[in-house]
Amino acid sequence: MQIILSEERSMRKNLVLIGMPGSGKTTIGKLVSEKLNYDFVDMDEYMKTKYKKSINDMFLNGEDYFRQEESKCCEEISKIQNSIISTGGGVIKKKHNVDLLGSTGIIIFIDRTVNDILSDIEVSSRPLLKDGKEKLYKLYEDRYNLYREYAHIIIKNDKNLDEVVEDIVDKYKEANNSLSDV
């Protein structure tokens, strides 16, 4: 039997958003952070600030380089508390990243169809999508099962934004409350 100290019992878990590029992680994350009065951390912005380079510039050194630096940031970000964390779409490519983020957070997969994503993002502005929309279909095929596997909660992003945000807040509160009852 594990005894949980009262300090740990009152600690709120982070809410970690995973999903495809263009699934709405950043937009939704900012709105959820306002509702819950949590800090908001966008991993891409965190990396840009830390390395003083754009994501596109980091990818110029190759995806392996980018993923290595992303993992370092996951280690740092996983140590913060009471935050909404919007990850990059490929953070799930390294299980270590998900394990780190999941150790201090509840992972929510924002599940959005490729067609919905393509209807409102600029593909050329995304480093892994610069080769066109076909690449997004391939990424979806490669990553979808990983998102589902690593998520504690799956939320379909197929309603209006307010409804999706409310779904996330409700499911997160349920999950966080059940953890504090342990």
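Leaving aside neighbours within four places in sequence, which residues is T26 in contact with? In this predicted model, the residues in contact with T26 are F40, D42 and S86, where contact means heavy atoms within 4.5 Å. T26 is found in helix α2 and is partly exposed, with a relative accessible area of 29%. On that scale, buried is under 20% relative accessible area, exposed is over 50%, and partly exposed is in between (1.4 Å probe, protein chains only). UniProt lists T26 under "binding site" in an unreviewed entry; the position is given in the numbering used here, the feature name is shortened, and such annotations may be inferred rather than shown by experiment.

A word on the ground rules. Residues are numbered from 1 along each chain as its sequence is written, and side-chain values use heavy atoms, with hydrogens and water left out. Since the model is a predicted one, local features need pLDDT of at least 70 and side-chain atom pairs count only at pLDDT 80 or more, while totals for chains, interfaces and linings use all residues.

Now the overall layout. The secondary structure comes to nine helices and five strands, taken as DSSP runs numbered from the N terminus (helices: H or I, at least four residues; strands: E, at least two). From the N terminus on, the elements run α-β-α-β-α-α-α-β-α-β-α-α-β-α. Of the 182 residues of the chain, 46% count as buried. Among contacts between residues at least 6 apart in sequence, 72% join residues at least 24 apart. The chain exposes about 9,900 Å², with carbon and sulfur atoms supplying 47% of it; these areas come from the Shrake-Rupley method with a 1.4 Å probe, and for residues only the protein chains shown count as cover.

Helix α6 (residues 95–103) has N97, V98, L100, L101 and G102 as its buried residues. What do they pack against? The partners of these buried residues are β1 (14–18), α3 (43–51), α5 (63–77), β4 (105–111) and α8.

N157 sits in the loop between β5 (153–156) and α9, and at 10% relative accessibility it counts as buried. Not counting residues up to four places away in sequence, N157 touches S23, G24, I28, I110, D111, R112, D116 and V164.

On to the charged side chains. With a salt bridge taken as a side-chain nitrogen of Lys or Arg within 4 Å of a carboxyl oxygen of Asp or Glu, the count comes to eleven. One of them joins K35 and E166, whose closest N and O atoms are 2.9 Å apart. That pair links distant parts of the chain, 131 residues apart, with K35 in helix α2 (residues 25–36) and E166 in helix α9 (residues 161–180). K35 is exposed at 52% relative accessible area, whereas E166 is partly exposed at 32%. A local case is D142 with K138, also a salt bridge (2.9 Å, N to O); being four residues apart in helix α8 (residues 133–150), the two are separated by about one helical turn. K159 and D167 form another, with the closest N and O atoms 2.3 Å apart; K159 is partly exposed at 39%, and so is D167 at 25%.

Some bridges join up: E63, R67, E70 and K93 are linked in a network. R67 has its place in helix α5 and counts as buried at 7% relative accessibility. R67 and K94 are 27 residues apart in sequence and 8.1 Å apart in space, C-alpha to C-alpha.

Finally, the aromatics. The structure holds five aromatic pairs, meaning rings of Phe, Tyr and Trp (its six-membered ring) with centres within 6.5 Å; planes under 30 degrees apart count as stacked, over 60 as edge-to-face and the rest as tilted. The F59 and F66 rings have centres 4.3 Å apart and planes at 25°, so this pair is stacked. F59 and F66 are both buried. Y140 and Y144 form a tilted pair, 5.0 Å centre to centre with 35° between the planes. Both tyrosines belong to one aromatic cluster, made up of F109, Y140, Y144 and Y147.
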